[in-house]
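Here is a short briefing for a first look. Start with the view below, then read on by topic.

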Amino acid sequence: MAHMTDEEAKRLDEKWTKNPPKPGPNGTGYFTQCKKTAHTVTIDNVTANYLNTKAIADHKTPAQIISELVQEKIAICL
């Protein structure tokens, strides 16, 4: 892995100090996008295959499938 020189690090620090990234008005900004993908969960191959197959069949993302399943479980408990 390549390492930055002190000069490169100073230039990068100066760039982000003078021009910090700003979140977009509708959730399209840098920080919002990072926040959306911050959670990682490890699942087994069977579950991953099911999620991918279901997502493709329903024209959704695996995250949307998981969200729907969780929402259904929550609704049953209430």
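Helices here are DSSP runs of H or I, at least four residues long, numbered from the N terminus. The model is predicted.

**Helix H3**
- H3 covers residues 45–58, which makes 14 residues.
- At the start of H3, Asp 44 brings a side-chain oxygen to within 3.0 Å of the backbone nitrogen of Val 46.
- His 59 follows H3 and has a positive phi, near 55°.

**Salt bridges**
- The count is 4 salt bridges.
- In the salt bridge between Glu 7 and Arg 11, the closest N and O atoms are 3.1 Å apart.
- Glu 14 pairs with Lys 18 in a salt bridge at 3.0 Å, N to O.
- Lys 54 and Asp 58 also form a salt bridge, at 3.1 Å from N to O.

**Spacing along the helices**
- An α-helix has 3.6 residues a turn, so residues three or four places apart point the same way.
- In helix H1 (residues 6–18), Glu 7 and Arg 11 are 4 residues apart, about one helical turn.
- Glu 14 and Lys 18 are also 4 residues apart in H1, about one helical turn.
- In H3, Lys 54 and Asp 58 are 4 residues apart, again about one helical turn.

**Exposure of the partners**
- Glu 7 is exposed, at 54% relative accessible area.
- Lys 18 is exposed at 60%, while Glu 14 is partly exposed at 42%.
- Lys 54 is partly exposed at 32%, and Asp 58 is partly exposed at 29%.

Conventions
Residues are numbered from 1 along each chain as its sequence is written. This is a predicted model: local features need pLDDT of at least 70, side-chain atom pairs count only at pLDDT 80 or more; totals for chains, interfaces and linings use all residues. Side-chain values use heavy atoms; hydrogens and water are left out. Helices (H or I, at least four residues) and strands (E, at least two) are DSSP runs, numbered from the N terminus. The expected span of a helix is 1.5 Å times one less than its number of residues. A polar contact is a pair of N or O atoms within 3.5 Å; within protein, one must be able to donate a hydrogen and the other to accept it, and residues adjacent in sequence count only if both atoms are side-chain atoms. A salt bridge is a side-chain nitrogen of Lys or Arg within 4 Å of a carboxyl oxygen of Asp or Glu. Buried means under 20% relative accessible area, exposed over 50%, partly exposed in between (1.4 Å probe, protein chains only).
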